[in-house]
Amino acid sequence: MNSGLDLAAIGNSTIAALIDRKGRIAWCCWPRIDGDPVFSSLLGGEEPEAGFFDVVLDGEVTATRRYQRNTAIVETILENDKGAKLRITDFAPRFKLYDRIYRPAMLVRRIEPLSGTCRITVRLRPHFNWGEQCPSPVRGSNHMRFAGENFTLRATTDLPIVYVTEERPFVIGKTATIVLGPDEPFAAGLSETARGFEEKTRDYWWEWVRYLSIPYEWQDAVIRAAISLKLCAYEETGGIVAALTTSIPEAPHSIRNWDYRHCWLRDSYFTVRALNLLGATRTMEDYIRYLTTVIASEPSGRLAPVYSIVPGTPLEERFATALPGFCGMGPVRVGNQAAEQVQNDGYGHVVLAAAQMFFDDRLPNRGDKALFNLLESVAAKAVDFAFEPDAGLWELRGKKRLHTFSAVMSWAACDRLSRIARVLEMPERTHFWSERANGIRARILSFAWSDKLNSFVDAEEDGQLDASLLLLAELGFVRPDDPRYIATVDTIGRELKRNGYMMRYAGEDDFGLPETSFTICSFWYAGALDLIGRRDEAREMFTSLLARRNEAGLLSEDIDNQTLELWGNIPQTYSMVGLIDTAMRLSKTWEEAFWRGS
(Lines give C-alpha, C1' and ligand atoms only; values in the text may rest on other atoms or scores of the structure.)
Protein backbone atom coordinates (compact mmCIF):
# COMPACT_ATOMS: atom_id res chain seq x y z
CA MET A 1 0.00 0.00 0.00
CA ASN A 2 1.16 3.56 -0.76
CA SER A 3 1.28 5.19 2.70
CA GLY A 4 0.45 8.55 1.16
CA LEU A 5 -2.87 7.10 -0.01
CA ASP A 6 -3.78 5.47 3.29
CA LEU A 7 -6.75 7.82 3.49
CA ALA A 8 -10.31 7.55 4.77
CA ALA A 9 -13.14 9.47 3.13
CA ILE A 10 -15.94 11.34 4.84
CA GLY A 11 -18.65 13.44 3.22
CA ASN A 12 -22.33 14.08 2.70
CA SER A 13 -22.82 14.35 -1.10
CA THR A 14 -22.11 18.09 -0.95
CA ILE A 15 -18.53 18.14 0.27
CA ALA A 16 -16.03 15.41 1.09
CA ALA A 17 -12.72 15.18 2.91
CA LEU A 18 -9.84 12.72 3.10
CA ILE A 19 -8.22 11.97 6.46
CA ASP A 20 -4.83 10.34 6.91
CA ARG A 21 -4.06 7.69 9.50
CA LYS A 22 -2.91 10.31 12.06
CA GLY A 23 -6.13 12.27 11.86
CA ARG A 24 -4.98 15.04 9.54
CA ILE A 25 -7.57 16.36 7.12
CA ALA A 26 -5.32 16.39 4.06
CA TRP A 27 -7.89 17.05 1.32
CA CYS A 28 -11.21 18.88 1.17
CA CYS A 29 -12.68 21.00 -1.62
CA TRP A 30 -15.12 23.84 -0.88
CA PRO A 31 -17.98 24.61 -1.16
CA ARG A 32 -18.57 21.41 -3.15
CA ILE A 33 -16.63 18.30 -4.08
CA ASP A 34 -15.11 19.87 -7.21
CA GLY A 35 -14.30 23.23 -5.63
CA ASP A 36 -11.19 25.00 -4.37
CA PRO A 37 -9.20 22.62 -2.11
CA VAL A 38 -9.06 24.49 1.19
CA PHE A 39 -7.13 21.50 2.56
CA SER A 40 -4.68 20.17 0.00
CA SER A 41 -1.57 19.01 1.84
CA LEU A 42 -2.15 15.76 -0.07
CA LEU A 43 -0.71 17.69 -3.04
CA GLY A 44 1.59 19.91 -1.01
CA GLY A 45 4.90 18.10 -1.09
CA GLU A 46 6.80 16.45 1.75
CA GLU A 47 6.49 19.17 4.43
CA PRO A 48 3.64 21.52 3.58
CA GLU A 49 3.11 24.55 5.78
CA ALA A 50 -0.56 25.02 4.95
CA GLY A 51 -3.58 23.26 3.57
CA PHE A 52 -4.42 20.92 6.44
CA PHE A 53 -6.28 20.57 9.73
CA ASP A 54 -4.79 18.38 12.43
CA VAL A 55 -4.56 17.81 16.15
CA VAL A 56 -1.04 17.21 17.47
CA LEU A 57 -0.63 15.29 20.72
CA ASP A 58 2.64 15.88 22.58
CA GLY A 59 5.21 13.10 22.79
CA GLU A 60 5.84 9.96 20.79
CA VAL A 61 2.44 9.17 19.36
CA THR A 62 0.84 6.07 17.88
CA ALA A 63 -2.34 6.39 15.89
CA THR A 64 -5.19 4.07 14.98
CA ARG A 65 -8.14 4.91 12.79
CA ARG A 66 -11.44 3.28 12.01
CA TYR A 67 -14.85 4.01 10.58
CA GLN A 68 -17.79 3.85 12.89
CA ARG A 69 -19.48 0.70 11.62
CA ASN A 70 -21.47 1.16 8.41
CA THR A 71 -21.05 4.94 8.35
CA ALA A 72 -18.99 7.73 6.83
CA ILE A 73 -17.85 8.82 10.31
CA VAL A 74 -14.14 8.39 11.10
CA GLU A 75 -12.59 7.98 14.52
CA THR A 76 -8.85 8.43 15.09
CA ILE A 77 -7.23 7.43 18.40
CA LEU A 78 -3.97 9.16 19.32
CA GLU A 79 -1.93 7.80 22.24
CA ASN A 80 1.48 9.01 23.43
CA ASP A 81 4.31 7.43 25.37
CA LYS A 82 3.15 9.05 28.63
CA GLY A 83 -0.28 7.41 28.66
CA ALA A 84 -2.26 10.31 27.24
CA LYS A 85 -4.99 9.18 24.90
CA LEU A 86 -7.62 11.04 22.90
CA ARG A 87 -10.21 10.38 20.20
CA ILE A 88 -10.90 12.57 17.18
CA THR A 89 -14.26 12.08 15.48
CA ASP A 90 -14.78 13.55 12.00
CA PHE A 91 -17.89 13.66 9.82
CA ALA A 92 -19.97 15.79 7.48
CA PRO A 93 -23.59 16.05 8.68
CA ARG A 94 -26.16 14.18 6.61
CA PHE A 95 -29.64 13.29 7.87
CA LYS A 96 -33.32 13.80 7.25
CA LEU A 97 -34.73 17.13 8.37
CA TYR A 98 -38.12 18.58 7.48
CA ASP A 99 -38.79 15.83 4.91
CA ARG A 100 -35.54 16.44 3.03
CA ILE A 101 -31.86 15.62 3.40
CA TYR A 102 -29.80 18.09 5.40
CA ARG A 103 -26.29 18.04 3.86
CA PRO A 104 -24.58 21.39 4.46
CA ALA A 105 -21.07 22.35 3.42
CA MET A 106 -19.84 21.61 6.92
CA LEU A 107 -17.22 19.50 8.67
CA VAL A 108 -17.55 18.59 12.34
CA ARG A 109 -14.51 17.61 14.40
CA ARG A 110 -14.91 16.45 18.00
CA ILE A 111 -11.84 15.97 20.26
CA GLU A 112 -12.36 13.78 23.30
CA PRO A 113 -9.66 13.13 25.95
CA LEU A 114 -9.80 9.49 27.06
CA SER A 115 -6.98 9.13 29.59
CA GLY A 116 -3.92 10.87 30.99
CA THR A 117 -2.96 14.48 30.47
CA CYS A 118 -3.65 15.34 26.83
CA ARG A 119 -1.54 18.34 25.81
CA ILE A 120 -2.42 19.18 22.24
CA THR A 121 -1.91 21.74 19.51
CA VAL A 122 -4.72 22.42 17.07
CA ARG A 123 -3.42 23.46 13.65
CA LEU A 124 -6.13 24.76 11.35
CA ARG A 125 -4.45 26.05 8.21
CA PRO A 126 -6.76 26.34 5.21
CA HIS A 127 -5.64 28.07 2.06
CA PHE A 128 -7.46 29.33 -1.01
CA ASN A 129 -7.10 29.65 -4.77
CA TRP A 130 -5.22 26.38 -5.13
CA GLY A 131 -2.60 27.21 -2.54
CA GLU A 132 -1.89 30.75 -3.71
CA GLN A 133 -3.55 32.46 -0.75
CA CYS A 134 -2.87 31.58 2.91
CA PRO A 135 -5.30 33.74 4.87
CA SER A 136 -4.58 34.82 8.43
CA PRO A 137 -7.39 34.00 10.86
CA VAL A 138 -9.57 36.80 12.11
CA ARG A 139 -10.77 35.87 15.57
CA GLY A 140 -14.12 36.42 17.21
CA SER A 141 -15.27 35.49 20.69
CA ASN A 142 -15.92 31.83 19.81
CA HIS A 143 -14.90 31.58 16.21
CA MET A 144 -12.25 32.41 13.66
CA ARG A 145 -12.77 33.47 10.05
CA PHE A 146 -10.64 32.80 6.97
CA ALA A 147 -11.53 35.15 4.12
CA GLY A 148 -10.92 34.20 0.49
CA GLU A 149 -11.82 35.83 -2.80
CA ASN A 150 -14.93 33.71 -3.38
CA PHE A 151 -16.00 32.56 0.07
CA THR A 152 -15.18 32.79 3.75
CA LEU A 153 -14.77 29.85 6.09
CA ARG A 154 -15.79 30.10 9.71
CA ALA A 155 -14.48 27.76 12.40
CA THR A 156 -16.71 27.81 15.46
CA THR A 157 -15.39 26.17 18.60
CA ASP A 158 -15.86 25.82 22.36
CA LEU A 159 -12.08 25.74 22.82
CA PRO A 160 -10.29 28.90 24.00
CA ILE A 161 -10.02 30.69 20.70
CA VAL A 162 -6.54 32.08 21.41
CA TYR A 163 -5.10 28.56 21.55
CA VAL A 164 -6.47 27.78 18.11
CA THR A 165 -5.64 31.05 16.34
CA GLU A 166 -2.09 31.15 17.73
CA GLU A 167 -1.53 27.36 17.68
CA ARG A 168 -0.53 27.31 21.36
CA PRO A 169 -0.18 23.94 23.13
CA PHE A 170 -2.77 23.42 25.87
CA VAL A 171 -4.24 20.67 28.00
CA ILE A 172 -7.69 19.56 26.91
CA GLY A 173 -9.77 18.38 29.85
CA LYS A 174 -13.15 17.68 28.28
CA THR A 175 -14.66 16.97 24.90
CA ALA A 176 -14.31 19.92 22.54
CA THR A 177 -15.88 20.67 19.17
CA ILE A 178 -14.76 22.54 16.07
CA VAL A 179 -17.29 23.10 13.29
CA LEU A 180 -16.02 24.35 9.95
CA GLY A 181 -18.64 25.84 7.66
CA PRO A 182 -20.06 28.94 6.02
CA ASP A 183 -19.48 32.37 7.52
CA GLU A 184 -22.67 32.33 9.55
CA PRO A 185 -23.17 32.53 13.32
CA PHE A 186 -23.76 29.19 15.00
CA ALA A 187 -27.19 29.77 16.48
CA ALA A 188 -27.36 26.81 18.86
CA GLY A 189 -25.32 25.16 21.59
CA LEU A 190 -22.19 23.93 19.85
CA SER A 191 -21.38 20.77 21.80
CA GLU A 192 -24.97 19.57 22.04
CA THR A 193 -25.66 20.33 18.37
CA ALA A 194 -22.50 18.56 17.19
CA ARG A 195 -23.29 15.52 19.33
CA GLY A 196 -26.84 15.47 17.95
CA PHE A 197 -25.56 15.85 14.38
CA GLU A 198 -23.24 12.90 14.90
CA GLU A 199 -26.07 10.70 16.22
CA LYS A 200 -28.39 11.67 13.40
CA THR A 201 -25.68 11.20 10.77
CA ARG A 202 -24.86 7.76 12.21
CA ASP A 203 -28.54 6.86 12.12
CA TYR A 204 -28.82 8.03 8.52
CA TRP A 205 -25.95 5.82 7.33
CA TRP A 206 -27.19 2.86 9.34
CA GLU A 207 -30.60 3.19 7.72
CA TRP A 208 -29.12 3.60 4.24
CA VAL A 209 -26.90 0.54 4.64
CA ARG A 210 -29.71 -1.49 6.19
CA TYR A 211 -31.63 -1.54 2.92
CA LEU A 212 -28.71 -2.49 0.68
CA SER A 213 -29.03 -5.90 -0.98
CA ILE A 214 -25.53 -7.02 -0.08
CA PRO A 215 -23.96 -10.43 -0.84
CA TYR A 216 -23.35 -12.97 1.90
CA GLU A 217 -19.58 -12.85 1.51
CA TRP A 218 -17.36 -9.76 1.74
CA GLN A 219 -20.09 -7.66 3.34
CA ASP A 220 -17.79 -5.11 5.00
CA ALA A 221 -15.90 -4.50 1.76
CA VAL A 222 -19.10 -4.04 -0.25
CA ILE A 223 -20.66 -1.70 2.31
CA ARG A 224 -17.54 0.47 2.41
CA ALA A 225 -17.44 0.57 -1.39
CA ALA A 226 -21.13 1.53 -1.56
CA ILE A 227 -20.72 4.36 0.95
CA SER A 228 -17.66 5.57 -0.96
CA LEU A 229 -19.67 5.73 -4.19
CA LYS A 230 -22.39 7.67 -2.40
CA LEU A 231 -19.78 10.22 -1.30
CA CYS A 232 -18.82 10.74 -4.96
CA ALA A 233 -22.35 11.80 -5.91
CA TYR A 234 -23.11 15.52 -5.87
CA GLU A 235 -26.71 15.27 -4.87
CA GLU A 236 -27.73 18.85 -5.60
CA THR A 237 -27.49 18.27 -9.37
CA GLY A 238 -27.20 14.46 -9.56
CA GLY A 239 -23.71 14.50 -11.10
CA ILE A 240 -21.17 11.87 -10.00
CA VAL A 241 -17.43 12.51 -9.88
CA ALA A 242 -14.97 9.84 -10.99
CA ALA A 243 -12.92 10.37 -7.81
CA LEU A 244 -12.65 12.90 -5.00
CA THR A 245 -9.12 14.04 -5.90
CA THR A 246 -7.06 15.48 -8.69
CA SER A 247 -3.52 14.85 -9.86
CA ILE A 248 -2.51 11.77 -7.89
CA PRO A 249 -0.25 10.28 -10.57
CA GLU A 250 -1.03 6.90 -12.11
CA ALA A 251 2.61 5.97 -11.58
CA PRO A 252 5.58 7.67 -9.87
CA HIS A 253 6.93 10.65 -11.82
CA SER A 254 4.77 9.75 -14.81
CA ILE A 255 2.99 13.13 -15.33
CA ARG A 256 -0.14 11.02 -15.85
CA ASN A 257 -1.88 13.37 -13.42
CA TRP A 258 -5.55 14.04 -14.08
CA ASP A 259 -8.40 15.91 -12.43
CA TYR A 260 -11.13 13.35 -11.74
CA ARG A 261 -13.51 15.61 -9.79
CA HIS A 262 -15.91 15.70 -12.75
CA CYS A 263 -18.72 13.63 -14.18
CA TRP A 264 -17.80 11.18 -16.94
CA LEU A 265 -20.84 9.67 -18.66
CA ARG A 266 -19.01 6.34 -18.75
CA ASP A 267 -17.86 6.21 -15.14
CA SER A 268 -21.22 7.43 -13.88
CA TYR A 269 -23.04 4.61 -15.65
CA PHE A 270 -20.87 2.06 -13.90
CA THR A 271 -21.49 3.77 -10.55
CA VAL A 272 -25.25 3.83 -11.09
CA ARG A 273 -25.21 0.20 -12.15
CA ALA A 274 -23.30 -0.92 -9.06
CA LEU A 275 -25.60 0.95 -6.68
CA ASN A 276 -28.62 -0.44 -8.54
CA LEU A 277 -27.28 -3.95 -7.94
CA LEU A 278 -27.39 -3.15 -4.23
CA GLY A 279 -30.88 -1.68 -4.46
CA ALA A 280 -29.76 1.94 -3.92
CA THR A 281 -31.66 3.29 -6.91
CA ARG A 282 -32.01 6.89 -5.72
CA THR A 283 -28.61 7.78 -7.17
CA MET A 284 -29.83 6.59 -10.59
CA GLU A 285 -32.93 8.77 -10.34
CA ASP A 286 -30.83 11.80 -9.42
CA TYR A 287 -28.40 11.04 -12.24
CA ILE A 288 -31.21 10.86 -14.81
CA ARG A 289 -32.22 14.34 -13.68
CA TYR A 290 -28.63 15.44 -14.25
CA LEU A 291 -28.55 13.82 -17.70
CA THR A 292 -31.67 15.61 -18.86
CA THR A 293 -29.96 18.92 -18.10
CA VAL A 294 -26.77 17.83 -19.87
CA ILE A 295 -28.64 16.66 -22.98
CA ALA A 296 -30.70 19.85 -23.08
CA SER A 297 -27.49 21.88 -22.98
CA GLU A 298 -26.25 20.26 -26.21
CA PRO A 299 -28.63 21.41 -28.98
CA SER A 300 -26.56 19.62 -31.63
CA GLY A 301 -26.98 16.36 -29.74
CA ARG A 302 -23.22 15.80 -29.67
CA LEU A 303 -22.23 14.79 -26.13
CA ALA A 304 -18.88 15.45 -24.53
CA PRO A 305 -17.39 12.55 -22.56
CA VAL A 306 -17.20 14.54 -19.33
CA TYR A 307 -19.06 17.44 -17.74
CA SER A 308 -18.84 19.49 -14.61
CA ILE A 309 -21.09 18.29 -11.80
CA VAL A 310 -22.83 21.62 -12.40
CA PRO A 311 -23.54 21.44 -16.16
CA GLY A 312 -22.38 24.48 -18.03
CA THR A 313 -19.28 25.06 -15.90
CA PRO A 314 -16.17 25.13 -18.13
CA LEU A 315 -13.57 22.39 -17.69
CA GLU A 316 -10.58 23.98 -19.43
CA GLU A 317 -7.44 22.27 -18.16
CA ARG A 318 -4.82 24.38 -16.38
CA PHE A 319 -1.99 23.91 -13.89
CA ALA A 320 -2.15 24.95 -10.23
CA THR A 321 1.49 26.03 -9.93
CA ALA A 322 1.40 26.87 -6.21
CA LEU A 323 1.00 23.18 -5.34
CA PRO A 324 4.01 20.92 -6.02
CA GLY A 325 1.91 17.77 -6.33
CA PHE A 326 1.60 14.42 -4.56
CA CYS A 327 5.04 13.73 -3.03
CA GLY A 328 6.27 16.60 -5.20
CA MET A 329 5.20 14.83 -8.39
CA GLY A 330 3.42 17.59 -10.30
CA PRO A 331 1.82 18.98 -12.26
CA VAL A 332 -1.41 19.61 -10.40
CA ARG A 333 -4.19 19.88 -12.96
CA VAL A 334 -7.50 21.72 -12.62
CA GLY A 335 -10.14 20.81 -15.21
CA ASN A 336 -9.79 18.10 -17.81
CA GLN A 337 -8.95 18.30 -21.49
CA ALA A 338 -11.01 15.15 -22.08
CA ALA A 339 -14.03 17.47 -22.23
CA GLU A 340 -12.76 18.53 -25.66
CA GLN A 341 -12.28 15.00 -26.98
CA VAL A 342 -14.50 12.90 -29.20
CA GLN A 343 -15.43 9.72 -27.30
CA ASN A 344 -18.34 7.93 -28.87
CA ASP A 345 -19.09 5.36 -26.17
CA GLY A 346 -20.90 7.94 -24.05
CA TYR A 347 -24.20 7.65 -25.93
CA GLY A 348 -24.47 4.00 -25.04
CA HIS A 349 -23.59 4.68 -21.43
CA VAL A 350 -26.36 7.27 -21.18
CA VAL A 351 -28.97 4.81 -22.45
CA LEU A 352 -27.70 2.00 -20.23
CA ALA A 353 -27.72 4.26 -17.16
CA ALA A 354 -31.40 5.03 -17.73
CA ALA A 355 -32.59 1.59 -18.83
CA GLN A 356 -33.52 0.26 -15.40
CA MET A 357 -36.00 3.11 -15.04
CA PHE A 358 -38.25 1.21 -17.45
CA PHE A 359 -38.00 -2.21 -15.81
CA ASP A 360 -37.92 -1.63 -12.03
CA ASP A 361 -41.36 -1.75 -10.40
CA ARG A 362 -39.95 -0.44 -7.10
CA LEU A 363 -39.41 3.03 -8.54
CA PRO A 364 -42.08 5.63 -7.74
CA ASN A 365 -41.55 7.24 -11.16
CA ARG A 366 -40.98 4.64 -13.86
CA GLY A 367 -39.47 5.54 -17.20
CA ASP A 368 -42.13 6.81 -19.60
CA LYS A 369 -42.45 7.78 -23.24
CA ALA A 370 -41.03 11.24 -22.58
CA LEU A 371 -37.82 9.71 -21.25
CA PHE A 372 -37.86 7.17 -24.09
CA ASN A 373 -38.06 10.02 -26.62
CA LEU A 374 -35.11 11.71 -24.97
CA LEU A 375 -33.10 8.50 -25.13
CA GLU A 376 -34.02 8.04 -28.77
CA SER A 377 -32.34 11.36 -29.54
CA VAL A 378 -29.21 10.08 -27.80
CA ALA A 379 -29.29 6.72 -29.58
CA ALA A 380 -29.71 8.46 -32.94
CA LYS A 381 -26.32 10.07 -32.36
CA ALA A 382 -24.93 6.69 -31.32
CA VAL A 383 -25.93 5.38 -34.76
CA ASP A 384 -24.45 8.41 -36.51
CA PHE A 385 -21.10 8.10 -34.74
CA ALA A 386 -20.87 4.32 -34.29
CA PHE A 387 -18.00 3.99 -36.74
CA GLU A 388 -16.41 7.40 -36.41
CA PRO A 389 -12.81 7.38 -35.13
CA ASP A 390 -12.49 8.66 -31.59
CA ALA A 391 -10.14 8.87 -28.60
CA GLY A 392 -11.66 5.74 -27.09
CA LEU A 393 -12.52 5.01 -23.48
CA TRP A 394 -8.87 5.36 -22.44
CA GLU A 395 -8.89 8.94 -23.76
CA LEU A 396 -5.79 8.75 -25.92
CA ARG A 397 -4.66 12.27 -26.76
CA GLY A 398 -2.38 11.47 -29.67
CA LYS A 399 -4.63 10.00 -32.35
CA LYS A 400 -8.15 8.84 -33.20
CA ARG A 401 -9.13 5.32 -34.25
CA LEU A 402 -12.30 3.39 -34.88
CA HIS A 403 -12.50 1.72 -31.49
CA THR A 404 -14.33 -1.56 -30.98
CA PHE A 405 -15.57 -0.67 -27.51
CA SER A 406 -17.05 2.66 -28.67
CA ALA A 407 -18.88 0.90 -31.51
CA VAL A 408 -20.13 -1.82 -29.14
CA MET A 409 -21.59 0.86 -26.87
CA SER A 410 -23.45 2.29 -29.86
CA TRP A 411 -24.83 -1.20 -30.45
CA ALA A 412 -25.80 -1.38 -26.76
CA ALA A 413 -27.73 1.90 -27.02
CA CYS A 414 -29.82 0.52 -29.89
CA ASP A 415 -30.24 -2.91 -28.32
CA ARG A 416 -31.51 -1.49 -25.00
CA LEU A 417 -33.86 0.93 -26.73
CA SER A 418 -35.37 -1.98 -28.63
CA ARG A 419 -35.98 -3.78 -25.33
CA ILE A 420 -37.41 -0.66 -23.71
CA ALA A 421 -39.75 -0.10 -26.66
CA ARG A 422 -41.02 -3.65 -26.22
CA VAL A 423 -41.86 -2.92 -22.57
CA LEU A 424 -43.64 0.27 -23.62
CA GLU A 425 -45.58 -1.73 -26.23
CA MET A 426 -44.21 0.21 -29.19
CA PRO A 427 -43.67 -2.51 -31.84
CA GLU A 428 -42.60 -0.13 -34.60
CA ARG A 429 -39.82 1.37 -32.45
CA THR A 430 -38.87 -2.09 -31.20
CA HIS A 431 -38.27 -3.21 -34.76
CA PHE A 432 -36.54 0.04 -35.72
CA TRP A 433 -33.94 -0.13 -32.95
CA SER A 434 -33.47 -3.87 -33.29
CA GLU A 435 -32.55 -3.40 -36.95
CA ARG A 436 -30.07 -0.64 -36.07
CA ALA A 437 -28.49 -2.85 -33.42
CA ASN A 438 -28.16 -5.81 -35.78
CA GLY A 439 -26.54 -3.70 -38.47
CA ILE A 440 -23.97 -2.23 -36.09
CA ARG A 441 -23.18 -5.61 -34.59
CA ALA A 442 -22.59 -7.19 -38.01
CA ARG A 443 -20.10 -4.53 -39.02
CA ILE A 444 -18.22 -4.75 -35.71
CA LEU A 445 -17.85 -8.49 -36.11
CA SER A 446 -16.44 -7.94 -39.60
CA PHE A 447 -13.31 -6.21 -38.23
CA ALA A 448 -13.04 -6.83 -34.47
CA TRP A 449 -11.78 -10.44 -34.55
CA SER A 450 -8.10 -11.23 -35.14
CA ASP A 451 -7.09 -14.74 -36.14
CA LYS A 452 -3.48 -13.72 -35.63
CA LEU A 453 -3.98 -12.74 -31.99
CA ASN A 454 -6.79 -15.27 -31.40
CA SER A 455 -8.77 -12.50 -29.75
CA PHE A 456 -11.12 -9.63 -30.31
CA VAL A 457 -9.08 -6.45 -30.80
CA ASP A 458 -9.52 -2.83 -29.83
CA ALA A 459 -9.79 -1.11 -33.21
CA GLU A 460 -10.43 -1.58 -36.90
CA GLU A 461 -6.90 -0.62 -37.94
CA ASP A 462 -3.82 -2.04 -36.22
CA GLY A 463 -6.01 -3.82 -33.68
CA GLN A 464 -4.40 -4.66 -30.35
CA LEU A 465 -5.37 -6.38 -27.12
CA ASP A 466 -7.40 -4.27 -24.72
CA ALA A 467 -8.97 -5.13 -21.36
CA SER A 468 -12.24 -3.41 -22.28
CA LEU A 469 -12.95 -6.37 -24.60
CA LEU A 470 -13.52 -8.47 -21.48
CA LEU A 471 -16.88 -6.66 -21.21
CA LEU A 472 -18.28 -7.95 -24.50
CA ALA A 473 -20.18 -10.81 -22.85
CA GLU A 474 -21.26 -8.73 -19.86
CA LEU A 475 -22.81 -6.23 -22.27
CA GLY A 476 -24.56 -9.02 -24.18
CA PHE A 477 -22.70 -8.39 -27.41
CA VAL A 478 -21.53 -12.02 -27.50
CA ARG A 479 -22.47 -15.03 -25.43
CA PRO A 480 -20.08 -16.14 -22.67
CA ASP A 481 -19.77 -19.55 -24.33
CA ASP A 482 -18.82 -18.03 -27.71
CA PRO A 483 -15.43 -19.60 -28.56
CA ARG A 484 -14.16 -16.21 -29.68
CA TYR A 485 -14.96 -14.69 -26.30
CA ILE A 486 -13.36 -17.56 -24.39
CA ALA A 487 -10.24 -17.21 -26.54
CA THR A 488 -10.22 -13.46 -25.90
CA VAL A 489 -10.30 -13.97 -22.13
CA ASP A 490 -7.48 -16.49 -22.38
CA THR A 491 -5.34 -14.27 -24.57
CA ILE A 492 -5.87 -11.08 -22.59
CA GLY A 493 -5.20 -12.90 -19.33
CA ARG A 494 -1.95 -14.25 -20.70
CA GLU A 495 -0.68 -11.10 -22.40
CA LEU A 496 -1.89 -8.20 -20.23
CA LYS A 497 -1.33 -9.55 -16.73
CA ARG A 498 1.61 -8.11 -14.79
CA ASN A 499 2.52 -9.50 -11.36
CA GLY A 500 -1.04 -10.78 -10.95
CA TYR A 501 -2.99 -7.73 -12.14
CA MET A 502 -4.29 -6.48 -15.47
CA MET A 503 -3.06 -3.69 -17.70
CA ARG A 504 -5.48 -1.72 -19.86
CA TYR A 505 -3.28 -2.41 -22.86
CA ALA A 506 0.36 -3.29 -23.39
CA GLY A 507 1.50 -0.87 -26.10
CA GLU A 508 2.80 2.68 -25.84
CA ASP A 509 0.40 5.59 -25.62
CA ASP A 510 0.87 9.36 -25.60
CA PHE A 511 3.10 9.14 -22.51
CA GLY A 512 5.09 5.99 -23.27
CA LEU A 513 4.58 2.51 -21.84
CA PRO A 514 2.10 2.31 -18.93
CA GLU A 515 3.76 1.31 -15.66
CA THR A 516 0.77 0.39 -13.51
CA SER A 517 -2.15 -2.00 -13.67
CA PHE A 518 -5.57 -0.42 -14.00
CA THR A 519 -7.58 -1.80 -11.10
CA ILE A 520 -10.99 -2.00 -12.76
CA CYS A 521 -9.47 -4.17 -15.51
CA SER A 522 -8.51 -6.80 -12.93
CA PHE A 523 -12.10 -6.83 -11.70
CA TRP A 524 -13.31 -7.16 -15.30
CA TYR A 525 -10.98 -10.11 -15.74
CA ALA A 526 -12.32 -11.79 -12.60
CA GLY A 527 -15.86 -11.31 -13.92
CA ALA A 528 -14.93 -12.70 -17.32
CA LEU A 529 -13.31 -15.76 -15.73
CA ASP A 530 -16.53 -16.43 -13.89
CA LEU A 531 -18.60 -16.05 -17.05
CA ILE A 532 -16.59 -18.72 -18.84
CA GLY A 533 -16.78 -21.13 -15.91
CA ARG A 534 -13.46 -20.53 -14.14
CA ARG A 535 -14.93 -19.40 -10.81
CA ASP A 536 -12.09 -20.61 -8.60
CA GLU A 537 -9.62 -18.47 -10.54
CA ALA A 538 -12.05 -15.56 -10.43
CA ARG A 539 -12.35 -15.78 -6.65
CA GLU A 540 -8.57 -15.96 -6.30
CA MET A 541 -8.18 -12.79 -8.35
CA PHE A 542 -10.91 -11.06 -6.36
CA THR A 543 -9.46 -11.87 -2.94
CA SER A 544 -6.07 -10.68 -4.18
CA LEU A 545 -7.64 -7.35 -5.18
CA LEU A 546 -9.29 -7.01 -1.78
CA ALA A 547 -5.85 -7.26 -0.22
CA ARG A 548 -4.75 -4.18 -2.16
CA ARG A 549 -7.26 -1.90 -0.40
CA ASN A 550 -5.84 0.63 2.00
CA GLU A 551 -6.49 0.32 5.74
CA ALA A 552 -9.74 2.25 5.40
CA GLY A 553 -11.03 -0.14 2.72
CA LEU A 554 -10.59 2.21 -0.25
CA LEU A 555 -9.05 1.62 -3.67
CA SER A 556 -7.43 4.14 -5.97
CA GLU A 557 -7.16 3.89 -9.74
CA ASP A 558 -3.95 1.90 -10.22
CA ILE A 559 -1.62 -0.73 -8.74
CA ASP A 560 2.14 -0.53 -9.23
CA ASN A 561 3.34 -3.55 -11.20
CA GLN A 562 6.43 -4.01 -9.03
CA THR A 563 5.67 -2.77 -5.51
CA LEU A 564 1.88 -3.40 -5.62
CA GLU A 565 1.39 0.06 -4.09
CA LEU A 566 -1.74 2.08 -4.83
CA TRP A 567 -1.42 4.98 -7.27
CA GLY A 568 -3.91 7.31 -8.92
CA ASN A 569 -6.88 9.29 -7.69
CA ILE A 570 -8.84 8.02 -4.69
CA PRO A 571 -11.44 6.76 -3.96
CA GLN A 572 -11.78 5.79 -7.61
CA THR A 573 -15.40 5.02 -8.48
CA TYR A 574 -14.33 2.60 -11.21
CA SER A 575 -12.39 0.53 -8.68
CA MET A 576 -15.08 0.58 -5.99
CA VAL A 577 -17.66 -0.34 -8.65
CA GLY A 578 -15.51 -3.28 -9.70
CA LEU A 579 -15.38 -4.48 -6.11
CA ILE A 580 -19.18 -4.39 -5.77
CA ASP A 581 -19.92 -5.97 -9.14
CA THR A 582 -17.46 -8.81 -8.61
CA ALA A 583 -18.50 -9.51 -5.04
CA MET A 584 -22.15 -9.70 -6.09
CA ARG A 585 -21.20 -12.08 -8.88
CA LEU A 586 -18.87 -14.40 -6.94
CA SER A 587 -20.39 -14.56 -3.48
CA LYS A 588 -22.14 -17.64 -2.24
CA THR A 589 -25.85 -17.03 -1.89
CA TRP A 590 -27.31 -16.51 1.55
CA GLU A 591 -29.08 -19.84 1.17
CA GLU A 592 -25.87 -21.67 0.26
CA ALA A 593 -23.74 -20.11 2.98
CA PHE A 594 -26.19 -19.71 5.84
CA TRP A 595 -29.25 -21.87 5.64
CA ARG A 596 -27.39 -24.86 4.26
CA GLY A 597 -24.50 -24.31 6.62
CA SER A 598 -21.85 -24.66 3.92
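Predicted model: local features only at pLDDT ≥ 70, side-chain atom pairs only at ≥ 80, totals over all residues.
These notes cover the overall build of the protein chain and one of its sheets.

1. The protein chain holds 14 helices and 30 strands. Its radius of gyration is 25 Å, close to the 25 Å that the globule rule gives for 598 residues, so the chain is as compact as a globular protein of that length. Along the principal axes, the C-alpha atoms fill a box of roughly 75 × 55 × 50 Å.

2. Burial and contacts. Of the 598 residues in the protein chain, 61% are buried. Take the contacts between residues at least 6 apart in sequence: 66% of them join residues at least 24 apart.

3. Surface and charge. The chain carries 69 positive and 81 negative side chains. The centres of these two sets lie 4 Å apart.

4. A three-stranded sheet. Strands β28, β29 and β30 form an open sheet, in that order, with antiparallel pairing. Which strands stand at the edges? They are β28 (516-518) and β30 (566-567). Each has a single partner strand, so one side of each is left without a neighbour in the sheet.

5. Inside that sheet. Strands of a sheet pair through backbone hydrogen bonds, either parallel or antiparallel. Here, β28 and β29 (residues 558-560) run antiparallel and are joined by three bridges. For a place to start looking, find Phe 518: it stands opposite Asp 558 in β29.

Definitions and conventions: Residues numbered from 1 in each chain as written. Heavy atoms only, no water. Helix = DSSP H or I, 4+ residues; strand = E, 2+ residues; numbered from the N terminus. Rg over C-alpha atoms; globule rule 2.2 N^0.38 Å. Buried < 20%, exposed > 50% of the residue type's maximum accessible area, 1.4 Å probe, protein only. Contact = heavy atoms within 4.5 Å. Lys, Arg positive; Asp, Glu negative; His and termini not counted. Charge placed at Lys NZ, Arg CZ, Asp CG, Glu CD. Pairing = 2+ DSSP bridges.
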